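Hi,

Here is the structure I said I would send over. Have a look first, and then read on for what turned up.

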Amino acid sequence: MNQTTKTITRTAVLLALLVVLQTVTKAAGQIVTGSCVNCVLAVGALMLPLGGSLVLAAASPFLAFLLGVGPKLLAIVPAIAVGNLVYVLVLSLLLRKKESAGLPVRLGGLAAASAVKFLTLYLLVVQLLCRVLTLAEKQVQTFTAMFSWPQLITALIGGALALVVVPLLKKAQK
């Protein structure tokens, strides 16, 4: 199998896994679902070529919207895609070729990617979209709660899980 076919296949498998995880964990809430999604995004960032991981990151919130997971407002979905893209890009740039790096380097890269994702989502959703969209006060409160500290927590948890899973997956590939 050539490299392009492998990339497309692996991207499709991770997209399918996202759909399953989002469906199965929907009732468990944002922390569980978000952590699972971020784990898959981080696995993609660390195992796929950049193009595949960016497709995964961009498609994820649109799939979630179609599944009824997360915000019920389509205008928020592109902002979530941007947050995911930033997370995957930073993880990929900082950690993709650093399998042999020590734990502090890997955790530092994860912390940086998680912080940038959190900041991106907070600025786009809470500080921009909640101000320019016509939303009820309850919606603003909900989006503020969803797109503040839980984003940092779920990105850290998901990324930490990926740091454990990726070496196992790479070993299994050999």
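**Contacts and overall fold**

Of the contacts in the chain between residues at least 6 apart in sequence, 73% join residues at least 24 apart. Before you read too much into any of this, keep in mind that it is a predicted model.

The secondary structure is quick to describe: there are seven helices and zero strands, so reading along the sequence gives you α-α-α-α-α-α-α. The radius of gyration is 16 Å, close to the 16 Å that the globule rule gives for 174 residues, so the chain is as compact as a globular protein of that length. Along the principal axes, the C-alpha atoms fill a box of roughly 55 × 30 × 25 Å.

As for burial, 42% of the 174 residues count as buried. The chain exposes about 8,800 Å², and carbon and sulfur atoms supply 74% of that area.

In soluble globular proteins, nonpolar side chains tend to be buried together. Here the largest nonpolar core has 26 residues, and the members that touch the most others are Leu-14, Leu-18, Leu-41, Val-43, Leu-56, Tyr-87 and Leu-91. Two or more residues of this core come from each of α1 (3-25), α2 (30-47), α3 (50-67), α4 (77-95), α5 (103-132) and α7 (149-173). The biggest contributor is α2, which gives nine residues.

Leaving aside residues up to four places away in sequence, Tyr-87 touches Asn-38, Leu-41 and Ala-42, then Leu-110, Ala-113, Ser-114 and Lys-117, and finally Ala-155, Gly-158 and Gly-159.

There is also a second, separate core, made up of 13 residues, with Ile-76, Ile-80, Leu-135 and Phe-143 among them.

**The cysteines**

How many disulfides does a search of the whole structure find? The count is zero.

Is Cys-39 buried or exposed? Its relative accessibility is 13%, so Cys-39 counts as buried, the cut-off being under 20%. Cys-130 counts as buried too, with a relative accessibility of 10%.

Cheers

Definitions and conventions. Residues are numbered from 1 along each chain as its sequence is written. This is a predicted model: local features need pLDDT of at least 70, side-chain atom pairs count only at pLDDT 80 or more; totals for chains, interfaces and linings use all residues. Side-chain values use heavy atoms; hydrogens and water are left out. A disulfide is a pair of cysteine sulfur atoms within 2.5 Å. Buried means under 20% relative accessible area, exposed over 50%, partly exposed in between (1.4 Å probe, protein chains only). Helices (H or I, at least four residues) and strands (E, at least two) are DSSP runs, numbered from the N terminus. The radius of gyration is taken over C-alpha atoms; the globule rule is 2.2 Å times the number of residues to the power 0.38. Contact means heavy atoms within 4.5 Å. Accessible areas come from the Shrake-Rupley method with a 1.4 Å probe; for residues, only the protein chains shown count as cover. A nonpolar core is a set of buried Ala, Val, Leu, Ile, Met, Phe, Trp, Tyr and Cys residues joined through side-chain atoms within 4.5 Å.
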